[in-house]
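Please keep the sequence and the model in view while reading.

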Amino acid sequence: MKKRLGLMTVLIFGLSVALMSCVTTQVKPTEKNFIAPNVTLESFEVPQYDGYWYYAAAVKPTKGDAGDRGAMLPMSFLFNVENKNPYPILLDGITFTVVFDKKFALVTFNSSDQYWIPAGKTDHIRATTLITARSALLSLLVTGGFELKAQGISPWDALEKWWKGVPEGTTPVHITECSFSFSANGVSKTYPYEIQAQ
């Protein structure tokens, strides 16, 4: 009986030492050891497509109220975020701009949603944007109109080409001015990424 108690005491002591060793050797986040997460695009899709259309406020709709309305174009981006660090990190900010045909910025996405990514693991993070033909037209008139005019392309022709070409995969879609923000134990980092969706 005494031998059994002695053996159990030794085992418990050894286990305690092992656990304490694990605790004391755990890596803590610092400015120097923080490794930039690897961010790539897993997939891109248009989750809902109802064609290209636009009607002005002077046109009486079959149902509902008149107004300057245009077709919606939602776009969904699924990112892989790989945490190479030996400790969990918090993704707490995503910003990017969606560009068509390499030159025309149509919409900017901002999110401060938070996602914990375990040490050495990869998480999927989805970001979905939504623009309409009306909002895209207003954006073009402010920012991209001069470039279209220089190329001899009307905004209406460009909108129709993009609304049909993005779902079909024939219009180039890039993510620019993209940044992901992370934090861990008081250490905060923001990294830029450049990604081609299609």
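## A bent helix

Helix H2 bends by about 80 degrees at Gly 144, the bend being the angle between axes fitted to the seven residues ending there and the seven starting there. Helices (H or I, at least four residues) and strands (E, at least two) are DSSP runs, numbered from the N terminus. H2 covers residues 133–150, and the C-alpha atoms at the ends of its 18 residues are only 21 Å apart, short of the 26 Å that a straight helix would reach at 1.5 Å a residue. The expected span is 1.5 Å times one less than the number of residues.

The structure is a predicted model, in which local features need pLDDT of at least 70 and side-chain atom pairs count only at pLDDT 80 or more, while totals for chains, interfaces and linings use all residues. Residues are numbered from 1 along each chain as its sequence is written, and side-chain values use heavy atoms, with hydrogens and water left out.

## Surroundings of H2 and H3

Several residues of H2 are buried, including Ala 133, Leu 137, Gly 144 and Leu 148. Buried means under 20% relative accessible area, exposed over 50%, and partly exposed in between (1.4 Å probe, protein chains only). The buried residues of H2 pack against strands E2 (54–55), E3 (69–70), E6 (104–111) and E8 (122–132), and against helix H3 (155–168). After H2 comes Gly 152, with a positive phi near 75 degrees.

For H3, the 14 residues should span 20 Å at 1.5 Å a residue, and the end C-alpha atoms are 20 Å apart, which agrees. Among the buried residues of H3 are Trp 162, Trp 163 and Val 166. H3 is followed by Gly 169, whose phi is positive, near 85 degrees.

Strands E9 (residues 173–184) and E10 run antiparallel and are joined by nine bridges; two strands pair if DSSP finds at least two bridges between them. Cys 178 has Tyr 193 in E10 as its bridge partner. The two strands form a hairpin with two residues between them, and Asn 185 in the turn has a positive phi of about 50 degrees.

In a regular strand the side chains alternate between the two faces of the sheet. In E10 (residues 187–196), Val 187, Lys 189, Tyr 191, Tyr 193 and Ile 195 make up the covered face, whereas Ser 188, Thr 190, Pro 192, Glu 194 and Gln 196 make up the uncovered one.

## A buried loop residue

Asn 83 lies in the loop between strand E4 (72–82) and strand E5 (89–100). This residue is buried, with a relative accessible area of 1%. The Asn 83 side chain reaches the backbone oxygen of Tyr 87 at 2.9 Å. Leaving aside neighbours within four places in sequence, Asn 83 is in contact (heavy atoms within 4.5 Å) with residues including Pro 88, Ile 117 and Gly 120.

## The core and the whole chain

The largest nonpolar core has 46 residues, and those with the most contacts inside it are Met 75, Phe 79, Phe 96, Phe 100, Phe 180 and Phe 182. Such a core is a set of buried Ala, Val, Leu, Ile, Met, Phe, Trp, Tyr and Cys residues joined through side-chain atoms within 4.5 Å. Not counting residues up to four places away in sequence, Phe 79 touches Phe 96, Phe 180 and Ile 195, among others.

The protein has three helices and ten strands. Of its 198 residues, 36% count as buried.

Conventions: A polar contact is a pair of N or O atoms within 3.5 Å; within protein, one must be able to donate a hydrogen and the other to accept it, and residues adjacent in sequence count only if both atoms are side-chain atoms.
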